2 protein chains.
Amino acid sequence: MVRPKLQIALDHNDLETALADIVKVGDVVDIIEVGTILCLQEGHRAISCIRSLFPEKIIIADTKCADAGGTVAKNVAVAGADFMTVICCATLPTMAAAKEEIKELQVELYGDWTFEQAQQWLDLGITQAIYHQSRDALLSGETWGEKDLTKVKKLIDMGFNVSVTGGLTVETLKLFEGLAVYNFITGRGISAAPDPVKAAEAFKAEIIRIWGE
Amino acid sequence: MVRPKLQIALDHNDLETALADIVKVGDVVDIIEVGTILCLQEGHRAISCIRSLFPEKIIIADTKCADAGGTVAKNVAVAGADFMTVICCATLPTMAAAKEEIKELQVELYGDWTFEQAQQWLDLGITQAIYHQSRDALLSGETWGEKDLTKVKKLIDMGFNVSVTGGLTVETLKLFEGLAVYNFITGRGISAAPDPVKAAEAFKAEIIRIWGE
C-alpha cells in the first residue's frame, strides 16, 4: 500500500504568520495547503510566496470553488498551485471548466452529496476527493466512526485518491489502518502544537509505522 | 412594492481594473459586490479599498463560504463588508457562526437545494438568498423561465429578501414585474458595456419604471 501523504493546512489570517509557520515544517510535510481563510485574506500572493519558498512541494489552493471554475483555476495555477478544491455542490460544467486550467482538482465533500454524484465527478476525469469528518460530530466529542470509514473506503474503491480531514491526531491515524488513504490533512494539529516540527514528524512517523515507507 | 436594488458584481482579476470600473459606476448602483474571483486574487484589500472609496454603499463579500464561517465573516466585516455570501451546501453550524460576525448573510443557491433547507436558514435568522439562473440554461440560450420565477416567488413568500442573478439584461427585468425582488445583480452587463455609466443608469431607469421610485 502506498504511504499516505501528510498535508498541512495553513488557515492563518495573514501571510506573515503563515510564512513563519511554514518555513519551520514545510520540509517535513508532503503537501502545503493555502487554506480558504488565507486565500481570502491575502489573495494570490499567499500562493505565490509559498511557491517561491517551496518550489518542489505540492501546493493546494483551498478555494472551495463554486462558480467561475475556469477563471479561478487559471488564477491559482498562475500563482503556483498544483491542485485546487471545488465544493461538491458546484455544477459539473463548473468542475469541468476548472479541470482544464489546473493539474488536478479535489472535490470537497460537505453537507449532502451522493455516490451517484461522485461517479459523475470520476466520469469528468476528477480523481481526488476530500472527506471531512462532520463538524457537528467533532463538536459533540465523537471521533472517526465506522460510518465515516465505510464512506472513505467506498470512495477509494470507486477510484478516488481520498484525502481525509477533521480532528485528526497522531492517535487517530491507526483508525485508518488497512485503508489506502491518499493524504491526511491537519492544520492546527501541527501549527498550534508546542513544537510544530516535532508534531509534523510524529504524524509522519506514525504514517510510516502503519503504511510503511 | 419596494424598488429592487441594483448590484454590480466586480468579478475582476485584479484590484486595478476593478477600481477603474467602480469609480465610474459606484454612485449609480445601490450595492457593490466584491466578487469571488477578486476576493481570491486580492484578499481583504479588495474590500477595504472599495469601502474606502464608497463609505456609504452596501458592500458584499462574495466569499461563497463553505466552512470556517465565523473567521471568514469576521475578516470580511473588519475589511468593511456589510453582507457576506455562504454557499447553500454549508452546514447550519457554519452559517450560524458566520451570522454572528457580520450584519447580514446571503445564501447562494447553487446546484441542489430544497425549500426545507431554506426554512432552516430562515429559522437561523438568515433573511437573504441569491437565486442564480442555471448556467446550463443560459449556455443553451434560455432566459429566465416560469420555473425560475416560481421558485423566486416561493422564496419571497417564505420571507426571504431575494437577489437574482444570471444573464440579466435591461430587457429581461420586466420578466420579474409583480415580484418583490430585493436586488438585481449584474456584472459584465455593466462593466463590459461600451458605456458602463449609461448601462448602469439604464438598469436603474428600467427598475424605477417597473417598480416605482
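Okay, let's start with a helix. In α4 of chain B, residues 69–79, the buried residues include G69(B), G70(B), V72(B), A73(B), N75(B), V76(B) and A79(B). Buried here means under 20% relative accessible area, with exposed over 50% and partly exposed in between, using a 1.4 Å probe and protein chains only. Helices (H or I, at least four residues) and strands (E, at least two) are DSSP runs, numbered from the N terminus.

Before I go on, a word on what we're looking at. This is a predicted model, where local features need pLDDT of at least 70 and side-chain atom pairs count only at pLDDT 80 or more, while totals for chains, interfaces and linings use all residues. Residues are numbered from 1 along each chain as its sequence is written, chains are lettered from A and ligands numbered from 1 in the order in which they are written, and side-chain values use heavy atoms, leaving out hydrogens and water.

Back to the helix. What covers the buried residues of α4(B)? Part of the cover comes from the other chain: it includes α2 of chain A, along with α3 (44–53), β3, β4 and α5 (92–99) of chain B. Just after α4(B) sits G80(B), with a positive phi of about 125°.

A68(B) isn't a glycine, yet its phi is positive, near 55°. A68(B) has a relative accessible area of 24%, so we call it partly exposed. K64(B), in strand β3 of chain B, is another non-glycine with a positive phi, about 45°. K64(B), though, is buried, at 8% relative accessible area.

A cavity is a set of points, on a 1 Å grid over the protein atoms alone, where a 1.4 Å probe fits but cannot get out; lining residues have an atom within 4 Å of a point. Grid points are joined across faces, edges and corners, and the volume is the space filled by probe spheres set on the points. By this rule we get one cavity of 30 Å³ or more. The largest cavity holds about 110 Å³ of space. Which residues lie nearest its centre? Out of 15 lining residues, they are T36(A), T63(A), K64(A), T63(B) and K64(B). Both chains contribute: α2 (36–42) and β3 (58–65) of chain A, and α2 (36–42) and β3 (58–65) of chain B, each give two or more residues to the lining.

So how do the two chains relate? Chain A can be laid on chain B with an RMSD of 0.0 Å, by a turn of 180° and a shift of 0.0 Å along the axis. That's the relation of a two-fold axis. In chain A, G43(A) has the C-alpha nearest the axis, 2.0 Å from it. The superposition is by least squares on the C-alpha atoms of residues with pLDDT of at least 70 in both copies. And 100% of chain A's interface residues are also interface residues in chain B, so the copies meet through the same surface.

Here's one residue touching both chains. I87(B) is in strand β4 (residues 83–87) of chain B, and at 0% relative accessibility it counts as buried. Contact means heavy atoms within 4.5 Å. Not counting residues up to four places away in sequence, I87(B) touches A66(A) and C89(A), plus K64(B), C65(B), A66(B), M95(B), E108(B) and Y110(B).

Next, the aromatics. Rings of Phe, Tyr and Trp (its six-membered ring) pair if their centres lie within 6.5 Å; planes under 30 degrees apart count as stacked, over 60 as edge-to-face and the rest as tilted. The whole structure has 10 aromatic pairs over all chains. In F176(A) and F184(A), the ring centres are 5.3 Å apart and the planes at 70°, so that pair is edge-to-face. F176(A) and F184(A) are both buried.

In chain B, F184(B) is among the contacts of P4(B), as are V181(B), Y182(B), N183(B), I207(B) and W211(B), leaving aside neighbours within four places in sequence. P4(B) is in the segment before β1 (5–10), and at 0% relative accessibility it counts as buried.

How values were computed. 1 Å grid on protein atoms, 1.4 Å probe; cavity = no way out; pocket = protein on both sides within 12 Å on 5 of 7 lines; lining within 4 Å.
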